[in-house]
Amino acid sequence: MLLIGPPGAGKGTQATRLAEAFVVPAVSTGDIFRFNVKNETALGLQVKAFMDAGAYVPDTLTNAIVKDRLGESDAASGFLLDGYPRTTDQVAELDRLLDDEGTKLDAVVLITADTDEVVSRLLKRAEEQGRADDTADVIRHRLDVYAEQTAPLIDVYSARGLVITIDGLGAVDVVTDRILAALADRGLHATNTIEKAANPS
Ligand code: ADP
């Protein structure tokens with residue numbers, strides 16, 4: 001399964017919850033990159049400047065880390081990708097990876113939220129977490145990059161009949177319930193029930 005949506009739509013939050021519900025790992029390229037930046041690994045040093053500027057990390061680097069991660073044993077019976085693919089080149093790479101494994105995507109969950117809402121969420125996150133890419137200018141740039149490079153992927157996956165569009169506005173639990181209901185409608189049933197989220201006011 002894939003999760004797609006603009007920065008601030010709540011992909012990371014929902015990914016964690018869906019992973020628990022379906023008992024598969026949530027693989028977030030953003031989290032992998034942030035971990036590497038924090039620990040000043042060789043990869044971290046290569047990607048830091050791109051991330052701080054709100055630019056995408058080059059496809060070659062991103063594709064390589066995803067290939068590695070999906071090759072780990074916990075991903076053998078399924079996974080949820082959060083924040084990948086984000087470019088048409090990444091779509092092609094993921095298609096190849098899945099083909100090689102003789103498997104295919106079950107669904108692409110598109111979480112929507114309007115620009116005013118995502119900007120205010122990201123500015124709030126900036127206060128709480130101090131992420132280097134959550135400043136007003138960088139947020140604007142990330143939204144532009146999303147519109148230009150990632151939004152077109154929605155058409156690609158829609159043409160394959162995979163996209164489930166979910167309104168990302170509302171409480172965390174409500175959004176999770178919307179996603180679970182839409183997936184169940186397509187015959188994708190969660191194996192685990194999950195705890196209610198502690199919703200920040
Ligand atoms: P958000 O969706 O809120 O922008 P993420 O945590 O998913 O945040 O990503 C943060 C940054 O990590 C991106 O702005 C980009 O620099 C880098 N990144 C994450 N995933 C990808 C990807 N698939 N391709 C290129 N860069 C990526």
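**Note on the annotated binding site**

1. Ala-55 touches Phe-50 and His-141, where contact means heavy atoms within 4.5 Å and residues up to four places away in sequence are not counted. Ala-55 lies in the loop between α3 (42-52) and α4 (59-70); helices are DSSP runs (H or I, at least four residues) numbered from the N terminus. With a relative accessible area of 29%, Ala-55 is partly exposed, that is, between buried (under 20%) and exposed (over 50%), using a 1.4 Å probe and protein chains only.

2. This is a predicted model, in which local features need pLDDT of at least 70 and side-chain atom pairs count only at pLDDT 80 or more, while totals for chains, interfaces and linings use all residues. Residues are numbered from 1 along each chain as its sequence is written, and side-chain values use heavy atoms, leaving out hydrogens and water.

3. An unreviewed UniProt entry lists Ala-55 and Gln-90 under "binding site", together with Thr-29, Arg-34, Tyr-56, Val-57, Gly-83, Tyr-84, Pro-85, Arg-86, Arg-131 and Arg-142. These positions are spread over 114 residues of sequence and, in space, up to 24.8 Å between C-alpha atoms. Such annotations may be inferred rather than shown by experiment.

4. Gln-90 belongs to helix α5 (residues 88-101) and is buried, at 3% relative accessibility. Not counting residues up to four places away in sequence, Gln-90 touches Asp-59, Thr-62, Asn-63, Tyr-84 and Pro-85.

5. The Gln-90 side chain also reaches the backbone nitrogen of Arg-86 at 2.8 Å.

Notes:
Helix = DSSP H or I, 4+ residues; strand = E, 2+ residues; numbered from the N terminus. Polar contact = N/O pair within 3.5 Å; in protein donor to acceptor, adjacent residues only side chain to side chain.
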